[in-house]
Amino acid sequence: MGYDIQGIPASSRTYTHGRQGCSIGHIVVHYTGAAGGAVDNGHYFAGGARGASAHYFVDSSAIVQSVADSDTAWAVGNWQANLRTLSIEVCSAGEDFTRGERRAAAPAGEDFTRGERERLRWLIRALMARHASTPPTVIRHYDCYDAYRNIGGRWIDPRKCCPAPYAPNGGDPSGAKWQELHDYITSGDAQQAEPETETPTMEEVDEMSAQGMGIIVNPQNAISAGHPGGLYRLTADKVFHYTNADQPRADDILSEALCGESVKRLDMSGYGSDPWFDRMVQARGGWDKVIDCPAS
């Protein structure tokens with residue numbers, strides 16, 4: 001079975017673009033210990049500067065990507081370790097959608113549900129396949145200090161009790177529960193776990209937008225007042241809104257004459273969330289003036 005990954009990008013003020021040349025050495029498992037689900041957390045971290053972030057959120061019904069793999073989430077309490085890790089937050093309290101029932105806010109030591117474990121396992125196998133050239137090791141947040149203690153820099157809360165149900169200073173003093181969970185989430189054929197979605201990643205969006213004349217996008221709704229949903233052109237540093245159907249065709253004619261092909265298209269409507277478009281607008285310094293192309 002495969003799952004889709006929903007993109008709800010974090011605010012650019014709550015993570016760092018890029019990894020400063022560092023490779024991913026570990027996939028880190030965290031837990032939220034709160035009632036909000038994956039989508040709730042995605043929207044929260046999209047809402048502004050939060051002082052922390054994670055690459056993915058997982059619950060019993062959804063997987064949400066908040067920060068691109070190629071960017072640095074602020075998650076493990078040390079800058080150098082952040083540069084070298086992928087962080088997954090399991091939303092381990094709240095609703096258990098697998099069984100169709102609502103749980104009260106969970107105590108810190110509540111174990112992951114079956115649905116959370118299944119999606120966590122699928123995501124980790126997918127990430128291990130995606131980064132197979134330098135396969136990362138799966139650890140707990142608790143383990144990050146020992147894994148990177150000699151890397152230098154200040155640590156915030158070393159050996160944090162996270163995820164508490166599977167940490168020695170939480171609900172797993174013997175380590176047996178974590179060993180069982182680790183064996184489960186890292187087992188199986190990773191190559192079969194690639195996401196069953198053709199939605200482009202932000203890395204692919206950035207790569208495509210750097211080619212040719214740009215991309216015409218069609219988001220569900222524009223994220224800026226006065227710019228209704230429709231066709232847009234992204235250049236290296238600007239975002240233009242088409243106001244007439246002749247304008248994209250004129251761009252196509254020009255692109256075909258110069259490059260031998262039409263302007264590359266990217267359909268944003270499948271994202272279901274405009275923060276993806278918002279991120280591209282922010283990366284290009286905001287909106288430019290609306291293109292006014294009167295009908296001939």
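Predicted model: local features only at pLDDT ≥ 70, side-chain atom pairs only at ≥ 80, totals over all residues.
E118 and R114 form a salt bridge, with their closest N and O atoms 3.3 Å apart. (By salt bridge we mean a side-chain nitrogen of Lys or Arg within 4 Å of a carboxyl oxygen of Asp or Glu.) Both residues sit in helix α3, four residues apart, which is about one turn of the helix. Helices (H or I, at least four residues) and strands (E, at least two) are DSSP runs, counted off from the N terminus.

Residues are numbered from 1 along each chain as its sequence is written, and side-chain values use heavy atoms, with hydrogens and water left out.

Searching the whole structure turns up seven salt bridges. One of them is between R130 and D69, where the closest N and O atoms are 2.9 Å apart. This one links distant parts of the chain: R130 belongs to helix α3 (residues 114-130), D69 to the loop between β5 (63-65) and β6 (72-73), and 61 residues separate them.

K177 and D111 make another salt bridge, at 2.7 Å from N to O. K177 is in helix α5 (residues 176-185) and D111 in the loop between β9 (101-102) and α3, so this pair ties together parts 66 residues apart in sequence.

How open are some of these side chains? The table gives relative accessible area, where buried means under 20%, exposed over 50%, and partly exposed in between (1.4 Å probe, protein chains only).

| Residue | Relative accessible area | Class |
|---|---|---|
| R130 | 33% | partly exposed |
| D69 | 4% | buried |
| K177 | 26% | partly exposed |
| D111 | 37% | partly exposed |
| E118 | 26% | partly exposed |
| R159 | 34% | partly exposed |

Now for the inside. Six of the six residues of strand β7 (residues 85-90) are buried, so the rest of the structure largely encloses this strand. T85, S87 and E89 point one way from β7, while L86, I88 and V90 point the other way.

Which strands pair with β7? Strand β3 (residues 26-31) runs parallel to β7, with six bridges between them; two strands pair if DSSP finds at least two bridges between them. Here V28 stands opposite S87. Strand β4 (residues 56-58) also runs parallel to β7 and is joined to it by three bridges, with Y56 as the bridge partner of I88.

**The nonpolar cores**

In soluble globular proteins, nonpolar side chains tend to be buried together. The largest nonpolar core in this model has 25 residues, and V29, I88 and L123 touch the most other members. (A nonpolar core is a set of buried Ala, Val, Leu, Ile, Met, Phe, Trp, Tyr and Cys residues joined through side-chain atoms within 4.5 Å.) The elements giving two or more residues to this core are β3, β4, β7, α3 and α5, and α3 gives the most, with five.

Leaving aside residues up to four places away in sequence, the contacts of I88 (heavy atoms within 4.5 Å) include V29, Y56, V58, L120 and L123. A second, separate core has 11 residues, among them I8, F45, A62 and V67.

Back in α5, W178, L181 and I185 are buried. These three cover an arc of only 65° around the axis, which puts them on the same side of α5. (The arc is that of the directions from the helix axis to the C-beta atoms.) The cover over the buried residues of α5 includes β3, α3 and β10 (137-140).

Most residues other than glycine have a negative phi, and most peptide bonds are trans. So where does this chain depart from that? C162 and P163 are joined by a cis peptide bond, with omega about -10°; P163 lies in the loop between α4 (144-148) and α5. R159, found in the loop between α4 and α5, has a positive phi near 50°. Q20 has a positive phi as well, near 55°. Q20 lies in the loop between β2 (15-16) and β3 and is exposed, at 58% relative accessible area.
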